[in-house]
Amino acid sequence: MKKLISPEELGRDDRFERADMMDRIADPRNATPPEDSKRGRPGRLTPDRADASDSARALMHGIFVGEIQALEGAGRTCYDFEVGKGDDDVPFELKLDMARQCWDEARHCEISVKLSDWMGTGIGEFSENAFLFQAACNPDPVLRLTGVNRALEGLAIDVFNTMREFGDLAGDPVLEFCEDWMLADEVTHVKMGSDWLRKLTVNDKERQKKALEFQKVVDKLFSFGGLRGEEDDNPIQLARRFRELAGFDDEEMEEIAELSREARAEVEERGRLAREANVQSGV
Amino acid sequence: MTTTVTPSTFTMVEYDAGVITGIADELADKVGLTGVDIEIEIDETVPLGRNRLESVDPVHIWVESGAFEDAKKFRQFSEVNAADVLGRHLMRAADRRSDAFGNPADDGDLSLEHRAAWDIYTVGRLTRLGYPANRQRWLYDFRNRHGFTDVTDRIFDELWNGTDLTWDRVSALSDEAAASNSGKLNRKPA
Amino acid sequence: MADSKKPRAAFAPWDRRELPGTFSVEETADRVGQYKWTEMKLFEALGGWVATVPELDIKMRLGTHCYHHAWHAELWHKRLPELREMNPERLTLPANDEFVAFMDAVTEPGEHDQTIEKLVGVYRVLIPHKIAAYTYHLNNTSTITDAPTIRSLKFAIADEVEDFTDGTLMLTSLIETPEEVERANAHQLKLEKLLVASGGICGPGTIGDAYDTSVHVAANGN
Ligand SMILES: [Fe+2]
Ligand SMILES: [Fe+2]
């Protein structure tokens, strides 16, 4: 079996459809800021939103495919690197953590399938994008761990907390119960990332800096132009209390909030430019 | 009676106004919506999927393009999704135009619970007209609005299987389910 | 209750554990290092396969099993210093080159359409062999001096048996045609030959020597 695979090589059955990201980027509708719609921005994901249950179902499917990719990413980290002390190697204990994460993510997939049934969503009902696994393809183990376990698993904390609150508000005992359990696992995974980043770069500040830079890139990308953030109308809210448990300090959380604001501003600016271009070309 | 789709040609999504008209006409016929013009306004500039029934004479339905989109392929049309959204609005338009049904408040003034209950009654009837729907999806929607209780599930069945219900009955069933809900939902109009 | 000061037998009538065992401290350390090496290769491969297996239920199950074997590797890793090997990496070794060739062949399939081969290697060949090797060790080591190894072996065997059942169920569901039966058997045959050539996870003598009749005679005091 070869080392270091690409997202195109992930195994999926026929129910799954990979979204072509070039199609998404080329979608001219991206030029319309949501506030230009007749009904404004969709806002925070709470049960009193008119489209609450369908939005929650779509998000649940996104979580499900995210869990599959998290499982695959953790599994590949067990396999892609050798135990050793070189820059391309990892400690034995790091592999053990990744195997543990593999089991956790497998359970999260199982939970997600059951939750999808509960919410009336079919496997493969929505398209899948492989953004998440892309971060798990980094050939530098420290960068991979930081991008996956601090940025993406951090996003998982935000998403699960949002869904947990959604379940709590709606009085949905199954959703709230499951999200709370998964949240506990994700805090553990982020803590693994924080601990390994510190341990592996204790004598290499340059590498630490590079890893944190990579984390920022991933964090910004996964703010999805303002989907996740701290403004009232960000559908997914930054979960400060749980991130703190996972080893983030106030400054780091402020930085993520700022990256989310930046990502949103950039998307809005891109939309403005695209609108101008559309006007000029008569679209 | 005519059905108009706006825009008549799409530049941002790969939709065909003729196909949408065909789906709407077949649905209107099946739900008994006759003698009225139908206007379907699609905001193709927005990828979200929000939608609403804006008037019943003429019947005016507004949707964002995501409402008719194939969830697996960007900008591609989904007949199933279009029939689901149009079917519910056309069925509710037929209800509103029927004297026997009664007089619900305007959509903008309906509570989320009443609206959800009406949707269940609507989708249940559409499935019997040959438009399949995922029952669990609608049960989840109804539970989200009315609470996760046995009372809610019993009332869901009554609405889903209901025929010839009036607005008074639909809203009373919704109120009964909501009364059993101890959840923390902050209720606002849809 | 009887008088609490009344002397009792140190080994109660139901406790018939014995002092002697087949393995010395050094032999035990060697075996434990070989177990750790094998468990590592196995959990790494299962982790790698998780990504390329298209069957959703199997993907999730392999993710779960990946951790079982990582945990066994950890148990053996922690046992080594207790067996006077302060540098566990030094003994984390395969028994011989032939066993390396066997494990390479087990972990080699990487394509989407090779789930049968992946599962045959692990659940028809390697895991049954590990159950045999672990059981032999369990039944032959000193029940008093080597109790910590016994405890780990029992945990590991419990996992192996459960995983073997899962693997058998998955394979049974995948093999639907005579061609697939042949495919599975051909792969199994290839791997079994490599395994026999290696002598097993600990090399020749992995499960003792069934033709050594002296052991039986001695036990009967003849
Ligand atoms: Fe997860
Ligand atoms: Fe995770």
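Domain bounds here come from an automatic or database domain assignment. In this predicted model, chain B is divided into domain 1 (3-97) and domain 2 (107-179). The centres of domain 1 of chain B and domain 2 of chain B, taken over C-alpha atoms, are separated by 22 Å.

The sheet comes next. Strands of a sheet pair through backbone hydrogen bonds, either parallel or antiparallel. In chain B, 4 strands form an open sheet with the order S1-S2-S4-S3 and mixed pairing. Strand S1 (3-6) and strand S3 (51-56) of chain B are the edge strands, and each pairs on one side only. On average, neighbouring strands of this sheet are turned by 15 degrees against each other, direction ignored. S1(B) and strand S2 (residues 38-43) of chain B run parallel, joined by 4 bridges. Along this pair, Thr4(B) stands opposite Glu39(B) in S2(B).

Two helices accompany the strands. Helix H1 (residues 17-31) of chain B lies across S1 and S2 of chain B. The run of H1 is at about 140 degrees to S1(B). Helix H2 (residues 79-97) of chain B packs on the sheet. There, H2 touches S2, S3 and strand S4 (59-64) of chain B. The direction of H2 makes about 30 degrees with that of S3(B).

The interface between the domains was then examined. The size of an interface is often given as the accessible area lost when the parts come together. Between domain 1 of chain B and domain 2 of chain B, the buried area is about 1,300 Å². Carbon and sulfur atoms give 55% of that area. In domain 1 of chain B, the residues that lose the most area to domain 2 of chain B are Arg88(B), Met91(B) and Arg92(B). Together they account for 44% of what that side buries.

Polar and charged pairs also cross the interface. The rule finds 4 salt bridges between domain 1 of chain B and domain 2 of chain B. A salt bridge also joins the side chains of Asp95(B) and Arg125(B), at 2.7 Å from N to O. The count of residue pairs in polar contact between the two domains of chain B is 6, with both residues at pLDDT 80 or more. On the side of domain 1 of chain B that touches domain 2 of chain B, the elements that give two or more residues are H1 and H2 of chain B. The largest share of that side, 9 residues, comes from H2(B).

How values were computed: Residues are numbered from 1 along each chain as its sequence is written. Chains are lettered from A and ligands numbered from 1 in the order in which they are written. This is a predicted model: local features need pLDDT of at least 70, side-chain atom pairs count only at pLDDT 80 or more; totals for chains, interfaces and linings use all residues. Side-chain values use heavy atoms; hydrogens and water are left out. Two strands pair if DSSP finds at least two bridges between them. Axes are lines fitted to C-alpha atoms, for helices over the stretch in contact, and angles run from 0 to 180 degrees between N-to-C directions. Contact means heavy atoms within 4.5 Å. Buried area is the accessible area (1.4 Å probe) that two parts lose on being put together, summed over both. A polar contact is a pair of N or O atoms within 3.5 Å; within protein, one must be able to donate a hydrogen and the other to accept it, and residues adjacent in sequence count only if both atoms are side-chain atoms.
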